[in-house]
Amino acid sequence: MHQPLQSNSKLVAATMMLFSASRACAFTIRSASLASTTAVTTRPSPLLHNALRSPSAIGRASFLSMAESTTTTTTEPTEDTASSTPTTQLINQRISRSTLPSSLDARSLSDNLPLVLSHLTSRRASSEALDSARQISQLNTSRVALIQKRDEALQMRNECSGKVGKMMGVSKGEETEEIIEMKAKASEAGEEASKVEGELSEIESTMNRLLASLPNLLDDVVPDGENDGDNELVSQWGDVESLPKELGWTDDFEPLWHDDVATNLGGWHSEAAVGMSGARFVSLTGSVARLERAISSYFLDRASEKGYTEVSPPLVVSRSALEGTSQLPKFEEDLFKIVPESHTCNGQDAFLIPTAEVPLTNMHANQILEESDLPISYCAMTPCFRAEAGSYGRDTRGLIRTHQFYKVELVKITTAETSADEHEKLTRHAEECLEELKIPFRKMRLCSGDVGFSAQHCYDLEAWLPSTGEYREISSCSNTGDF
């Protein structure tokens, strides 16, 4: 049976603390590295599930550390994994990305096709994705041949044009039969170059479209696995077994879900929100709304103390901004699109932001940055809008997978050399917030089949939910490298 909520103010504070933290301040954290020290390529993580989670309570701190697991094997090459050596060394069942000399583009993909295919296979990518990688490699071969053909035609045109000029000087402006013939050759070579240029443009457009559909390559530390059941426990904080005694719960006490807690406090109004906005919207009032604002301010203040610059960004962004952060083209069905009659972004399609990650990373799109100015660290608290098109039939109770929610975002832009270290620092900043709120959690390293589209390495911080007796994601901390 349920113990009256008002009989334990400590429980109320603890459960509502996580209730607000999970809705208003769940982190989606990204460490973005530069392809070089002077040019920015911004691509944040893909759409992540709404990290709005249920209530928890204060527990005594204990810290368990798990050793990192990385397997190294040697296998005979197959058609797709064959290389110049008779055997290929695999790390976590795939070719190490450390052998890739640069960021992934059409040329490097073509030169390292076995590596790319091994990572797609490790991600449990579709057969269409594997075919796309092979097609890019084939198209790149055609592209190289066409470039050579175009350049030869342009060279022929230039040589013929030069000869025409000299011949006209000799003939003192009179067009001889030889000059007319040379002009025809120049014109023919120019037309051939234009024709090949058109073919090149079509091939490059296809290659760019296919490249945009491929996920990031994986960091070597990412364990191989099918789904979230294969994620790796890195560490754990808080003693969930001591919670009942520490909080004075009786044997028949049953923790409430966050929406029940909010309802008992008079601050949950889902029917009113649905009436004005449709399904999966919620209105919060009174102390619950104030707690949402307070916890957001707390996280922002803590981020500022750690050196993050607070930003109040636009909530409407262009198609190209979302393409730069890899939400498009793959995840368009999960976005809220604004009709062109209402607004466009510099002539482009306009969308509500799915995460502050998009405007924060685009703060430096198409800019040249000095290495001495890095890392750049931003934080922001914004509403986020998710259509969650693929969540039908999934857990959507309370604040889980709502269409609109508040979230505190942390983003770092750094050099390739320091990206991994900055990712660890950024993850630790998120951990510290949960520890200071005394919310038990565990840190999970996502396996190859569960890691996000644009992430090469990702930690999930999962908070303990007494109401359901389980851990659920409240923070996702990703390193996207130079993707």
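Two strands are taken to pair if DSSP finds at least two bridges between them. Helices (H or I, at least four residues) and strands (E, at least two) are DSSP runs, numbered from the N terminus. The model is predicted, so that local features need pLDDT of at least 70 and side-chain atom pairs count only at pLDDT 80 or more, whereas totals for chains, interfaces and linings use all residues. Residues are numbered from 1 along each chain as its sequence is written, and side-chain values use heavy atoms, with hydrogens and water left out.

Strands β16 and β17 form a hairpin with four residues between them. In the turn of this hairpin, G469 has a positive phi of about 65°. The two strands run antiparallel, and nine bridges join β16 (residues 457-465) to β17. Within this pairing, S475 of β17 is the bridge partner of L461. Eleven of the twelve residues of β17 (residues 470-481) are buried, so this strand is largely enclosed by the rest of the structure; buried means under 20% relative accessible area, exposed over 50%, and partly exposed in between (1.4 Å probe, protein chains only).

A hairpin is also formed by β4 and β5, with two residues between them. Here N92, in the turn, has a positive phi of about 55°. Strand β4 (residues 88-91) pairs with strand β5 (residues 94-95) in the antiparallel sense over two bridges, and L90 stands opposite I95 in β5.

An open sheet consists of three strands in the order β10-β12-β11, with antiparallel pairing. Its edge strands are β10 (316-318) and β11 (337-338), each of which pairs on one side only. Three bridges connect β10 with strand β12 (residues 350-352) in the antiparallel sense; A350 in β12 is the bridge partner of S318.

The largest nonpolar core has 24 residues, of which L109, V116, L120, A133, I136, M207 and L214 touch the most other members. A nonpolar core is a set of buried Ala, Val, Leu, Ile, Met, Phe, Trp, Tyr and Cys residues joined through side-chain atoms within 4.5 Å. The elements giving two or more residues to this core are α2 (106-111), α3 (113-122), α4 (127-170) and α5. Apart from it lies another core, of 22 residues, among them A303, Y308, L426 and I474. Leaving aside neighbours within four places in sequence, L214 is in contact (heavy atoms within 4.5 Å) with L109, L120, A129, S132, A133, I136, F453 and F483.

Two loop residues with polar side chains were also examined. N231 lies in the loop between α5 (177-212) and β6 (232-237) and, at 12% relative accessibility, counts as buried. A polar atom of the N231 side chain lies 2.8 Å from the backbone nitrogen of C447. A polar contact is a pair of N or O atoms within 3.5 Å; within protein, one must be able to donate a hydrogen and the other to accept it, and residues adjacent in sequence count only if both atoms are side-chain atoms. Beyond neighbours within four places in sequence, N231 is in contact with M444, R445, L446, C447 and D450.

S448 is found in the loop between β15 (441-445) and β16, and its 1% relative accessibility places S448 among the buried residues. The S448 side chain has a polar atom 2.7 Å from the backbone oxygen of S122 and reaches the backbone nitrogen of G225 at 3.1 Å. With neighbours within four places in sequence left aside, the contacts of S448 include R94, R123, R124, L218, V222, P223 and D224.
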